[in-house]
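This report describes a protein model for a reader who is new to structural description. Please keep the sequence and the structure in view while reading.

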Amino acid sequence: SFEEYLKQRAAQDGAPAAAAAPAAAAPVAAAPVAAAPAAATGTGGDVLSTLQSLQGPGEVWGADGIAVGKEESDLRGYDNFGKFFDLIQSTGVAAELQGAGPFTIFAPTDPAIASYETMRGPVDARVVKMHIVPGLISSADVSSADLTSLGGEKLTYRYAVRKNFVNDAIIGEKTFGPYSDYPIDVACSNGVIHGVGLCFAM
């Protein structure tokens, strides 16, 4: 999209400035950049405690904002992961995530869970386990990793329109405007979390 192009262009425009910095200063500048997402999204705890407080992507008002005096691009709120966290607890899957892991969690946002429940019905343990893969899989390794879920189901990876998909959910999805994107590579003591905007069982 045009928005993604602008974000990429802004990132590229910033790259020469970083390269022009003195060689000794470059590693110091690189460390905070890598640490920033973890500070903004991760807690350093295990996958469950991190998921409970993880901030999701920013949501804008869009056309609904006009009726309430908001600009379409104003921030409405964040699509967090509370529903998925609650489902992990209520289905008993939390007990399987207590160990050292590691686990990779593809966490659907609250709206993704709500859409699934509206269209398909209640979320059960099988659906929850589809979003959890044993092992530590970074977003860069999704294309080549074994994507067999905690419940033994094989997830489907595909690359299309310059994006990585797992079971039709985009990994590393961008949002509209200057607000936070879907979190990926959120490091936890026993795994990693990637936020997704679609329930895998759709």
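The protein exposes about 10600 Å², of which carbon and sulfur atoms supply 57%; accessible areas come from the Shrake-Rupley method with a 1.4 Å probe, and for residues only the protein chains shown count as cover. This is a predicted model, in which local features need pLDDT of at least 70 and side-chain atom pairs count only at pLDDT 80 or more, while totals for chains, interfaces and linings use all residues. Residues are numbered from 1 along each chain as its sequence is written, and side-chain values use heavy atoms, with hydrogens and water left out.

**Overall composition**

The protein has six helices and nine strands. These elements are DSSP runs numbered from the N terminus (helices: H or I, at least four residues; strands: E, at least two). Of the 202 residues, 36% are buried, where buried means under 20% relative accessible area, exposed over 50%, and partly exposed in between (1.4 Å probe, protein chains only). Among contacts (heavy atoms within 4.5 Å) with a separation of 6 or more, 64% are between residues 24 or more positions apart.

Strand S5 (residues 157-160) pairs with S6 in the antiparallel sense over four bridges; two strands pair if DSSP finds at least two bridges between them. Tyrosine 159 has asparagine 164 in S6 as its bridge partner. Two residues lie between the strands of this hairpin, and valine 161 takes a positive phi near 45° there. The charged end of arginine 158 sits over the ring of phenylalanine 165, 4.3 Å from the ring centre. The rule for such a case requires NZ of Lys or CZ of Arg within 6 Å of the ring centre and within 35 degrees of the ring normal.

Asparagine 167 is found in the loop between strand S6 (163-166) and strand S7 (169-171). Which residues beyond four places in sequence is asparagine 167 in contact with? They are Met130, Leu155, Thr156, Leu198 and Phe200. The side chain of asparagine 167 also has a polar atom 2.7 Å from the backbone nitrogen of threonine 156, and a polar atom 3.3 Å from the backbone oxygen of phenylalanine 200.

Rings of Phe, Tyr and Trp (its six-membered ring) pair if their centres lie within 6.5 Å; planes under 30 degrees apart count as stacked, over 60 as edge-to-face and the rest as tilted. By this rule there is one aromatic pair. The ring centres of phenylalanine 106 and phenylalanine 200 are 5.5 Å apart and their planes are at 45°, so the pair is tilted. The pair links distant parts of the chain, 94 residues apart: phenylalanine 106 lies in strand S3, and phenylalanine 200 in the segment after strand S9 (191-196).

**Two further loops**

Aspartate 79 is found in the loop between strand S2 (75-78) and H4. Residues up to four places away in sequence not counted, aspartate 79 touches Gly56, Pro57, Glu59, Thr109 and Pro111. Glycine 92 lies in the loop between helix H4 (82-90) and strand S3 (103-108). Glycine 92 and valine 128 are 36 residues apart in sequence, and their C-alpha atoms are 9.8 Å apart in space.

The table lists the accessibility of residues discussed above.

| Residue | Relative accessibility | Class |
|---|---|---|
| Phenylalanine 106 | 0% | buried |
| Phenylalanine 200 | 4% | buried |
| Aspartate 79 | 14% | buried |
| Asparagine 167 | 15% | buried |
| Glycine 92 | 42% | partly exposed |

Terms used: Polar contact = N/O pair within 3.5 Å; in protein donor to acceptor, adjacent residues only side chain to side chain.
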